[in-house]
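Here is a short note for a colleague opening this model for the first time. Please read it with the structure in view.

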Amino acid sequence: MASEEPYQNPTNPEDQSQNEEGSDKKLSKKEAAKLERMRKRQEAAAAAAATNISSMAIDSEDPLAENYGETPLDDLKSKEISGRKWTEVKALNEDLKDQVVLIRGRVQAIRAVGKKMAFVVVRELGFTVQCILTVTPDVVSAQMVKFATSLSRESIVDIEGVISVPATAIKGATQQVEVQVRKVYCVNKAIPTLPINIEDAARSEEEIEKALKAGEQLVRVNQDTRLNFRVLDIRTPANQGIFRIQCQVENIFRKFLLSEGFIGIHTPKLIAGSSEGGSAVFKLDYKGQPACLAQSPQLHKQMAICGDFGRVFEIGPVFRAEDSFTHRHLCEFTGLDVEMEIKEHYSEVMDIVDRLFVTMFDSLNDTCQKELEAINEQYHFKPLKYLRKTLRLTFEEGIQMLREAGVEIDPLGDLNTESERKLGQLVLEKYDTEFYILHRYPLAVRPFYTMPCYDNPLYSNSFDVFIRGEEIISGAQRVHVPDYLAERAQACGIDVKTISTYIDSFRYGAPPHGGFGVGLERVVMLFCALNNIRKSSLFPRDPQRLAP
């Protein structure tokens, strides 16, 4: 069944553009062999490093040997509760001057200054602090400095030290204080040579191009490599920001709808048959019966309305088996779905969309400034333009705007990718907004359960919502009359038997209702003007990627 998360025809050649950073291809034999050689070198280097660090950790000639080294595995098995107090890196500030703190984080950078001094930048949850080891009698030994400089980047360390405030600003860390190290322990070491370096993965395209013009070659980490080593890639400041914003989008969505009297539900993802028709479904065997993964919670969220819930929403996985290789399609994404009773007009659903997303955009701009700054540092974008009262245009008005701009569009067809973007540009120029609603779509391009317009059966009580020239939300009033619903399903090529329980649910009395759906990843992608939905999917699944 048509998931409400909007999508274009995946066979549309206009929407088949790959991201410039690379497409997801299977590894060739040459690439696989190269990775295997890299793995063996890393194992050898790791073994050598382990021997080196271990020998220093048990240096019996160093009276301060207990102040550094590798933490024994037994001490990490929840052996005891010491009562020690930990301080988060983001909480380190001038108020803690001269106080002893205990922090845990990753080694982001190491710089030795001779044999008696070293700087170690420690990162925790995107925040960084500069830690300094200086050889000092009875506190820091030369062996301890050597141990610290031998640590591999991205290793997990515990550091105890005293907070000091430097006279000048610190450029290489987020926190404007330093930790004068007294103790340092390696909790878990990373391999010496990482598949990708965090600093390379965090570099903006503009920075790379600027360096090239200056005759300097910087490492460009393409998208395939990022996704192959996603655990490292998501440690970058931009990715930390992206997925914290994604969390907030979900929280705002839920909080707003709860305040509007909606009930959160969970619908099954295993269903008896295709809910839409066509081949874009993942089919499977269910104890000897044919089944498939749900393309949408559409059927069941409507059934919940028939069950007198009045207003419902769901946040859950949606599956699409389409062979689409565009910048905005995934085989699995997180759907944000809404369904509600309608008293008089489907504009009541659009009213919810309006207030929900204006509230969401306001909240993200107010509460996620640091995250947005981190994203903008790597993926430069302009803040989204939107109106306090969301603009609404009819489909016919949109077609007329395109025609006046010289773009010929089928008045009873759908918008393709190019026409969507062109209309978005025209709307921005005329109304100064990148977020708007287009409604009264032609019935022929909508799902079978969409209610036709009362005054023209060629059009429907449906709408799409656009951000930055791309479709992001699809919604409509539903057909709640069972016989007409069955007629519409059959006309659309759907086996009515496979959705009989859905249709039957309307035979027991169903109120007029409507709803909409949107992909969580698309909201984040378009709000932050990212060029590929794989950037806003934690572990994306597309036609060629099932790992990691």
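1. Three strands form an open sheet in the order S8-S10-S9, and the pairing is antiparallel. Two strands pair if DSSP finds at least two bridges between them. Strand S8 (270-271) and strand S9 (283-286) are the edge strands, each pairing on one side only. S8 pairs with strand S10 (residues 289-293) in the antiparallel sense over two bridges. Ile271 stands opposite Cys292 in S10.

2. A word on the basis. This is a predicted model, where local features need pLDDT of at least 70, side-chain atom pairs count only at pLDDT 80 or more, and totals for chains, interfaces and linings use all residues. Residues are numbered from 1 along each chain as its sequence is written, and side-chain values use heavy atoms, with hydrogens and water left out. Helices (H or I, at least four residues) and strands (E, at least two) are DSSP runs, numbered from the N terminus.

3. Next, the eight-stranded sheet. Its order is S7-S11-S12-S17-S16-S15-S14-S13; the sheet is open and the pairing mixed. Strand S7 (263-264) and strand S13 (391-394) stand at the edges with a single partner strand each, so one side of each has no neighbour in the sheet. Helix H7 (residues 237-259) packs on this sheet and touches strand S11 (311-319) and S12. The direction of H7 makes about 155° with that of S11. Contact means heavy atoms within 4.5 Å. Axes are lines fitted to C-alpha atoms, for helices over the stretch in contact, and angles run from 0 to 180 degrees between N-to-C directions.

4. Strand S12 (residues 332-341) and strand S17 (residues 513-519) are antiparallel partners over seven bridges. Met340 stands opposite Gly514 in S17. Helix H8 (residues 298-306) lies across S11, S12 and S17, and runs at about 25° to S12.

5. Now strand S2 (residues 100-113). S2 pairs with strand S5 (residues 156-164) in the antiparallel sense over seven bridges. Val100 stands opposite Val162 in S5. Seven bridges also join S2 to strand S3 (residues 117-124), again antiparallel. Ala112 has Ala118 in S3 as its bridge partner. The hairpin of S2 and S3 has three residues between the strands, and Gly114 there takes a positive phi near 70°.

6. Which residues of helix H10 (residues 369-378) are buried? They are Leu372, Ile375 and Gln378. These cover an arc of only 130° around the axis, which puts them on the same side of H10. The arc is that of the directions from the helix axis to the C-beta atoms. Lys370, Glu373 and Glu377 are exposed, on the face turned away from the buried side. Buried means under 20% relative accessible area, exposed over 50%, partly exposed in between (1.4 Å probe, protein chains only). The buried residues of H10 pack against several helices, including H7 and helix H9 (347-367).

7. Finish with helix H11 (residues 395-404). Helix H11 packs with helix H12 (residues 417-431) at an angle of about 90°, with their axes 10 Å apart. That makes H11 roughly perpendicular to H12 (65 to 115 degrees counts as roughly perpendicular). In H11, Phe395, Gly398, Ile399, Met401 and Leu402 are buried. Those buried residues fall within an arc of 160°, so they line one face of H11. Their cover includes S13, H12 and strand S14 (435-439). Just after H11, Gly406 takes a positive phi of about 90°.

Conventions: Angles under 35 degrees count as roughly parallel, over 145 as roughly antiparallel, 65 to 115 as roughly perpendicular and the rest as oblique.
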